[in-house]
Amino acid sequence: AAPLVVCHGGPGVPSDYLFPLGCLPGRPVLFWDQLGCGRSDSPGLDAASYSIDASVTALADVVDQALPGAATGGRFHLLGQSWGGILA
């Protein structure tokens with residue numbers, strides 16, 4: 001099955017409440033913590049770093065690094081919950 005990339009709600013809420021999705025049989029799951037949440041970096045209060053555009057760019061970078069080829073035609077599914085749905 002195609003990998004699942006999970007974008008949590010928030011902002012400010014880490015992805016850990018979505019970890020049960022990691023038990024999907026036969027499907028790799030990538031949990032992405034948005035900037036300033038969970039296991040991601042916290043660069044300070046620079047508003048531009050937390051914009052929707054910056055978040056979408058960061059998500060694309062994570063997908064490119066974690067799933068080589070996915071952004072250029074490889075298959076993956078993207079699940080956004082709440083705020084993560086806006087980014088997805």
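Predicted model: local features only at pLDDT ≥ 70, side-chain atom pairs only at ≥ 80, totals over all residues.
Sorted by class, the lining of the largest pocket comprises four nonpolar, four polar and two charged residues.

No disulfides are present in the structure; the count is zero. For Cys7, the closest cysteine sulfur is that of Cys37, at a distance of 12 Å. A disulfide requires sulfur atoms within 2.5 Å, so the sulfur of Cys7 lies too far from that of Cys37 for a bond. Cys37 accordingly takes part in no disulfide, the nearest cysteine sulfur being that of Cys7, 12 Å away. Cys7 is buried, with a relative accessible area of 0%. Cys37 is also buried, with a relative accessible area of 3%.

Pro3 is located in the segment that precedes strand E1 (4-7). The relative accessibility of Pro3 is 18%; because burial is assigned under 20%, Pro3 counts as buried. When residues up to four places away in sequence are not counted, Pro3 is in contact with Arg27, Pro28, Leu67, Arg75, Phe76 and His77. Pro43 is 40 residues from Pro3 in sequence, and the C-alpha atoms of Pro3 and Pro43 are 29 Å apart in space.

Key: Residues numbered from 1 in each chain as written. Heavy atoms only, no water. Helix = DSSP H or I, 4+ residues; strand = E, 2+ residues; numbered from the N terminus. Buried < 20%, exposed > 50% of the residue type's maximum accessible area, 1.4 Å probe, protein only. Contact = heavy atoms within 4.5 Å. Nonpolar A, V, L, I, M, F, W, Y, C, P; charged D, E, K, R; others polar.
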